[in-house]
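Visitor: I am new to reading protein structures, and I would like to go through this one slowly. Could you take my questions in turn and show me how each answer is reached?

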Amino acid sequence: MTFTRQHVEWLSLVLFLAIVAIVFQQISTDLVKQGIAEGDPFHNAAFFPRAVCILIIAAVLIRVVTLTLQMRQETIVGDSVAAKDLRRPFMLICLFGLYLLFLDLLGYHLATAPFIAIAMITCGDKKPIPTILYSVAVALLIAFLFEKYLKIVLPGGMFAINIPW
């Protein structure tokens with residue numbers, strides 16, 4: 001089975017919009033009542049994902065316009081993409097889904113570094129020690145920024161692991 005680049009482009013745009021819809025559904029609940037945020041809706045943990053989603057929507061709209069213009073001018077090259085060439089992106093999407101499943105179970109600190117490492121290996125990284133060090137460093141840096149400066153409580157998981165910054 002083969003796809004054209006247009007098919008892959010449109011599928012990726014649909015995927016981005018689905019992610020945005022899921023995020024908006026998740027942040028539509030009252031985060032203060034759930035105990036995972038403080039303050040009014042503009043200044044709590046929902047602000048950052050909402051802002052990122054709005055930027056994603058803008059980028060998708062820009063890409064839809066450019067794709068539509070290219071289709072009208074027939075400047076899109078009809079290169080076909082074999083299904084086997086979509087294996088890595090499909091694996092990364094599945095990996096991200098597994099990460100989201102394990103995030104609640106294990107918590108951010110136990111799930112994120114392995115997720116980053118496996119994603120790097122899936123993308124072709126072959127150096128195990130730097131991959132592990134980079135994964136742990138990035139996970140800790142993101143946790144520090146989110147918990148210390150953005151005041152966002154990251155999932156602790158069944159072990160309730162949270163680092164007191």
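Visitor: How many helices and how many strands are there in the protein?

Guide: Please keep in mind that this is a predicted model. Reading from the N terminus on, the elements run β-α-α-α-β-α-α-α. Counting the two kinds in the protein gives six helices and two strands.

Visitor: What share of the residues of the protein count as buried?

Guide: A residue is called buried when its relative accessible area is under 20%. Applied to the 165 residues of the protein, this cut-off gives a buried share of 21%.

Visitor: Which residues are buried in helix 1, and what is included in their cover?

Guide: Helix 1 has 23 residues and reaches 33 Å from its first C-alpha to its last, close to the 33 Å expected at 1.5 Å a residue. What covers its buried residues includes helix 3, which runs over residues 47-73. The buried residues themselves are L13, V20 and I27.

Visitor: Is W10 buried, partly exposed or exposed, and which residues is it in contact with beyond its neighbours in sequence?

Guide: W10 lies in helix 1, which covers residues 5-27, and its relative accessibility of 30% makes it count as partly exposed. The C-alpha atoms of W10 and R63 are separated by 9.5 Å, although these residues are 53 apart along the chain. Leaving aside the neighbours within four places in sequence, the residues in contact with W10 are V64, L67, T68 and M71.

Visitor: How are helix 4 and helix 5 oriented to each other, parallel or antiparallel?

Guide: Two packed helices are described by the angle between their axes and the distance between the axes. For helix 4 (residues 87-106) and helix 5 (residues 108-122), the angle is about 170 degrees and the axes are 9 Å apart. Angles over 145 degrees count as roughly antiparallel, and helix 4 and helix 5 are therefore roughly antiparallel.

Visitor: Which residues make this contact, and how many of them are nonpolar, polar and charged?

Guide: Helix 4 contributes R88, M91, L92, L95, F96, Y99, F102, L103 and L106, while helix 5 contributes Y108, L110, A111, T112, F115, I118, A119 and T122. Sorted by class, the contact of helix 4 with helix 5 has 14 nonpolar, two polar and one charged residues.

Visitor: Which residues of helix 5 are buried?

Guide: The 15 residues of helix 5 should span 21 Å at 1.5 Å a residue, and the 20 Å between its end C-alpha atoms agrees with this. What covers the buried residues of helix 5 includes helix 4 and helix 6, the latter at 128-149. The buried residues are Y108, H109, A111, T112, A113, F115, I116, A117, A119 and T122.

Visitor: How many aromatic pairs does a search of the whole structure find, and what kind of pair do F96 and Y99 form?

Guide: The search of the whole structure finds four aromatic pairs. F96 and Y99 both lie in helix 4, three residues apart, which is about one turn of the helix. Their rings are 6.3 Å apart centre to centre, with 35 degrees between the planes, and this pair is tilted.

Visitor: Which residues form one aromatic cluster with F96?

Guide: F96, which is partly exposed with a relative accessible area of 37%, also forms a tilted pair with F115, at 6.0 Å centre to centre and 55 degrees between the planes. This pair links distant parts of the chain, since F96 is in helix 4 and F115 is in helix 5, 19 residues apart. The residues that form one aromatic cluster with F96 are Y99 and F115.

Visitor: Which residue just after helix 5 takes a positive phi?

Guide: The place to look is just after helix 5, where a phi of about 115 degrees is found. The residue that takes this positive phi is G124.

Methods: Residues are numbered from 1 along each chain as its sequence is written. This is a predicted model: local features need pLDDT of at least 70, side-chain atom pairs count only at pLDDT 80 or more; totals for chains, interfaces and linings use all residues. Side-chain values use heavy atoms; hydrogens and water are left out. Axes are lines fitted to C-alpha atoms, for helices over the stretch in contact, and angles run from 0 to 180 degrees between N-to-C directions. Helices (H or I, at least four residues) and strands (E, at least two) are DSSP runs, numbered from the N terminus. Angles under 35 degrees count as roughly parallel, over 145 as roughly antiparallel, 65 to 115 as roughly perpendicular and the rest as oblique. Contact means heavy atoms within 4.5 Å. Ala, Val, Leu, Ile, Met, Phe, Trp, Tyr, Cys and Pro count as nonpolar, Asp, Glu, Lys and Arg as charged, and the others, Gly among them, as polar. The expected span of a helix is 1.5 Å times one less than its number of residues. Buried means under 20% relative accessible area, exposed over 50%, partly exposed in between (1.4 Å probe, protein chains only). Rings of Phe, Tyr and Trp (its six-membered ring) pair if their centres lie within 6.5 Å; planes under 30 degrees apart count as stacked, over 60 as edge-to-face and the rest as tilted.
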